[in-house]
Amino acid sequence: MKEINMSVGLNQKLQEAKNINLSESQERLEKMYIDGQWISADTGQTFEVCNPATGELVAKVADGSGIETKQAIDAAHLAFKEWAVTSAKERGKILKKAQQIMQERADEIAKLVVLENGKPFKEAKGEVNFALDYFDWFAEEARRAYGTLVPSPFPHKRLWVQSQPLGVVAAITPWNFPAAMIVRKIAPALAAGCTVVLKPAEQTPLTALAIAKVCHDAGVPPGVLNVVLGSNPIPISEEMLNNPKVKKIGFTGSTEVGKLLMAKAAQSLKRVSFELGGNAPFIVFEDADLEAAVDGAIAIKYLRVGGQSCICANRIYVQEAIAEEFIAAFVAKAKKLKIGSGFEPGVDLGPLINETARNKVHQLVEDAVARGGEIALGASYLTKGDYASGSFYAPTVLLKVEDLWPICQEEVFGPVAPILTFQTEEEVVARANHTNYGLASYLYTRDLGRVVRVSEALEYGLIGVNDAAGYTHEIPFGGFKESGLGREGGAKGLEDYLEVKSVVVNLAQ
Ligand code: NAP
């Protein structure tokens, strides 16, 4: 990829980046990364990665399957012997180097994110910066995988508990955060001393390969990180699930696929960590700072991959006394959002990932309208002019919807905001919890007592109080109920890649 002249203006740089990437990548065949080597598929087959904003071909990618997955697992298994006994300090140094290199390449990687995922460049850059800080966090956490000396009940025995890396970890990731979801898994795994076989989403393999290259250049030894690519996830995941060398499946994706993987992982009792779907309630109480609540709702509804995020607000509940005012302000702001290619300056929302995603979103909207829902904004495909070849959908606001309709019960995964009203705190908590999901939730209020009561009562892994920015590296992230198992990030993020061993030493022997 050509270097971009940093002295030119941003618009020009983005335009150049777009042209360079498109014209070069059409010639390019992207290969898998196994045992430190870049390899084609055994069959020679490839699949295509297309830009969701334009439909244009971005790259052809090696189309791997079970054979390459087995090779990668073998390489990871072999590499584990050395990597597991490399000191935590040394592993941390390599991860810090990865952070530094990824920072240097942040623009380049963000462009890949825009090309294959469609999100605006500014947002993509934010994601890349957020992702690379997981290398930093876990580089430091690696040195704190402390054991415990336990007071013994016997004078002649000593007891201690220590942690050891699990072994080979198979990681499967989605397309909506092609950089962050990967680094949030590989950084703790590598920090803990595990080795990894990663399968990124079919739509976004280029970001995964760029991250593999970062790790390679940072000195991650061959076999410690491997990336298998494929258009069909089944043979790859089957090998991961059936191969006894794999000790853990780390999956981020839909609840539906998570359940399939868990059932199969049960056959060999592999460890699992799941980050799954969400259905976040966003609750605005009448004493809230209304402007802050509107801004927060707009940000967490529309400005995270255009609503295609697991922690996006899926249902917005507004207390009746302020509903009219909130809705007017929310619709006015939503109307001003700029939709377009992620390379266009000032764009707030890109396209949805593909036509299937757009159709699913529209079906949910149509269903709500057929049941009596009212359209306050949008509810349509954007197909004219610059939108003609991409899967764009208008920012949408729906009113007079009901809790049990699919638009409120399913994960919408698009720029659709159903707004509902409520009367009491007790009522809204019950309604907010009435879902099988339990990932993120938000509440806006100035009442401290209410903050405590409601945040304790909400059955969600993340509670944003007067805050819709998501989470940070320092705290664990994960879901209640069908939104997941285990936690990523924070100190817990490392624990999920460690096995606990108790040692009993009999001094009398
Ligand atoms: P998905 O369809 O479940 O796919 C996720 C990954 O699983 C992809 O790599 C996919 O491969 C693979 N996959 C799909 N079907 C599979 C199968 N039968 N066996 C094995 N692997 C399979 O989800 P998605 O549409 O990419 O992502 C959106 C979902 O992820 C949403 O539900 C969102 O809430 C969730 N998500 C959760 C978090 C979190 O932290 N909790 C974060 C981001 C996203 P292919 O791409 O090849 O199909």
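Which residues of the largest nonpolar core touch the most other members? I began my entries on this predicted model with that point.

**Entry 1: the cores.** I looked up the largest nonpolar core and found that 134 residues belong to it. Met102, Phe135, Phe282, Ile316, Phe326 and Phe330 are the members that touch the most others. I then noted that both domain 1 (32-276 + 487-499) and domain 2 (280-472) contribute residues to this core, so it lies between them. I also recorded a second, separate core, which has 30 residues, including Phe285, Leu352, Val401 and Leu420. As general background, nonpolar side chains in soluble globular proteins tend to be buried together.

**Entry 2: Phe282.** I next listed the contacts of Phe282, leaving aside residues up to four places away in sequence. Phe282 touches Ala293, Gly296, Ala297, Ile300 and Ala313, and also Arg315, Ile316 and Tyr317.

**Entry 3: the largest pocket.** I turned to the open spaces and found a volume of about 1,200 Å³ for the largest pocket. Its lining consists of 42 residues, and Pro174, Trp175, Gly253, Ser254 and Val257 lie nearest the centre. Which elements each supply at least two residues of this lining? I found helix H8 (233-242), strand E11 (246-252), helix H9 (255-265) and helix H12 (355-370). The largest share, 6 residues, comes from H9. Sorted by class, the lining holds 19 nonpolar, 14 polar and 9 charged residues. I recorded that domain 1 and domain 2 each provide at least three residues of the lining.

**Entry 4: the second largest pocket.** For the second largest pocket I noted about 660 Å³ of space. I counted 26 lining residues, with Lys122, Glu123, Gly126, Glu127 and Leu303 nearest the centre. Helix H1 (10-25), helix H5 (121-141), helix H6 (180-192) and helix H10 (290-302) are the elements that give two or more residues to this lining. Which of the elements gives the most to it? I found that H5 does, with 6 residues. The lining of the second largest pocket divides into 16 nonpolar, 3 polar and 7 charged residues. I noted finally that this lining, too, draws at least three residues from each of domain 1 and domain 2.

Notes. Residues numbered from 1 in each chain as written. Predicted model: local features only at pLDDT ≥ 70, side-chain atom pairs only at ≥ 80, totals over all residues. Heavy atoms only, no water. Core = buried A, V, L, I, M, F, W, Y, C linked by side-chain atoms within 4.5 Å. Buried < 20%, exposed > 50% of the residue type's maximum accessible area, 1.4 Å probe, protein only. Domains from an automatic or database assignment. Contact = heavy atoms within 4.5 Å. 1 Å grid on protein atoms, 1.4 Å probe; cavity = no way out; pocket = protein on both sides within 12 Å on 5 of 7 lines; lining within 4 Å. Points joined across faces, edges and corners; volume = space filled by probe spheres on them. Helix = DSSP H or I, 4+ residues; strand = E, 2+ residues; numbered from the N terminus. Nonpolar A, V, L, I, M, F, W, Y, C, P; charged D, E, K, R; others polar.
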